[in-house]
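Work through the exercises below with the sequence and the model open side by side. Try each task before reading its solution.

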Amino acid sequence: MELDKIERLLERYFEGETTLSEEEKLRAYFSQGEVAQHLEQYAPFFSYFSTSKEEKFTKSIPLSQKNTKSNWSYKWLSVAAVTVLLLGVYFGKSYQDEKQLEKQRARYAYEETKKALDLLAQNFERGTEKVAYLNEFVEAKDKVYNKN
């Protein structure tokens, strides 16, 4: 009956359905000397878990001061990079604002120049009409002087 219970526990263990106390029973069964022959293949598996609990890391890990200094410099380097980025965004925006203002000024100057040239063209047309009368006067004068 005990063997049947261990086999059911193994099935549940590999399905991931056992509790901690049931897993402890399995470890206890496989750590004893008498294990059924068809279950001997699982003995090293459970004995490994028993021995691995007792393992401890005993080596010391040296901490170098150089590493802390490089972390410090990376922190300040990142602060400087963020500062440069923010300044670039700020001055880039003001540069864009200046470009927009310059475009508006150029557009205004273009419109004013266009108005002035239209006014000049209108006055030039009036002057041309007056010159047409002058031209008739010159033709009449030529006719008078040519008859003589």
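**Exercise 1. The whole chain**

Task: State which secondary structure elements the protein has, and where the confidence is lowest and highest.

Solution. 
Step 1. This is a predicted model, so begin with its confidence. The protein has an average pLDDT of 79, and 86% of the residues score at least 70.
Step 2. By element, confidence is lowest in H3, with a mean of 71, and highest in H1, with 85.
Step 3. Count the elements: there are four helices and zero strands. Read from the N terminus, the order is α-α-α-α.
Step 4. Of the 148 residues in the protein, 11% are buried. Among contacts with a separation of 6 or more, 41% join residues 24 or more positions apart.

**Exercise 2. The two sides of helix H1**

Task: Determine which residues of H1 are buried and which are exposed on the other side.

Solution. 
Step 1. H1 covers residues 2–15, 14 residues in total, and its first and last C-alpha atoms lie 20 Å apart, close to the expected 20 Å.
Step 2. Apply the cut-off of under 20% relative accessible area for buried residues. In H1 this selects Ile6, Leu9, Leu10 and Tyr13.
Step 3. These residues lie on the same side of H1 because they cover an arc of only 105° around the axis.
Step 4. After the helix comes Gly16, with a positive phi near 80°.

**Exercise 3. The largest nonpolar core**

Task: List the residues of the largest nonpolar core and find which element gives the largest share.

Solution. 
Step 1. The core has twelve residues: Ile6, Leu9, Leu10, Tyr13, Leu26, Tyr29, Phe30, Val35, Ala36, Leu39, Ala43 and Phe46.
Step 2. Two or more residues come from each of H1, H2 (20–31) and H3 (43–52).
Step 3. H1 gives the largest share, four residues.
Step 4. Take Ile6 as an example. Apart from neighbours within four places in sequence, Ile6 is in contact with Leu26, Tyr29 and Leu39.

**Exercise 4. Charged pairs**

Task: Give the number of salt bridges, then compare the surroundings of three of them, Arg8–Asp4, Glu23–Arg27 and Glu112–Lys115.

Solution. 
Step 1. The structure holds five salt bridges.
Step 2. Arg8 and Asp4 are joined at 3.4 Å, N to O. They are four residues apart in H1, so about one helical turn separates them. Arg8 is partly exposed at 44% relative accessible area, and Asp4 is also partly exposed, at 38%.
Step 3. Glu23 and Arg27 are joined at 3.7 Å, N to O. Again the two are four residues apart, in H2, about one helical turn. Both Glu23 and Arg27 are buried.
Step 4. In Glu112 and Lys115 the closest N and O atoms are 3.5 Å apart. The pair lies in H4 (residues 65–147), three residues apart, about one turn of the helix. Glu112 is partly exposed, at 33%, while Lys115 is exposed, at 52%.
Step 5. Finally, look for shared partners: salt bridges join Glu23, Glu24 and Arg27 into one network.

Terms used: Residues numbered from 1 in each chain as written. Predicted model: local features only at pLDDT ≥ 70, side-chain atom pairs only at ≥ 80, totals over all residues. Heavy atoms only, no water. Expected span 1.5 Å × (residues − 1). Buried < 20%, exposed > 50% of the residue type's maximum accessible area, 1.4 Å probe, protein only. Arc of directions from axis to C-beta. Core = buried A, V, L, I, M, F, W, Y, C linked by side-chain atoms within 4.5 Å. Contact = heavy atoms within 4.5 Å. Salt bridge = Lys/Arg side-chain N within 4 Å of Asp/Glu carboxyl O. pLDDT = per-residue confidence, 0-100.
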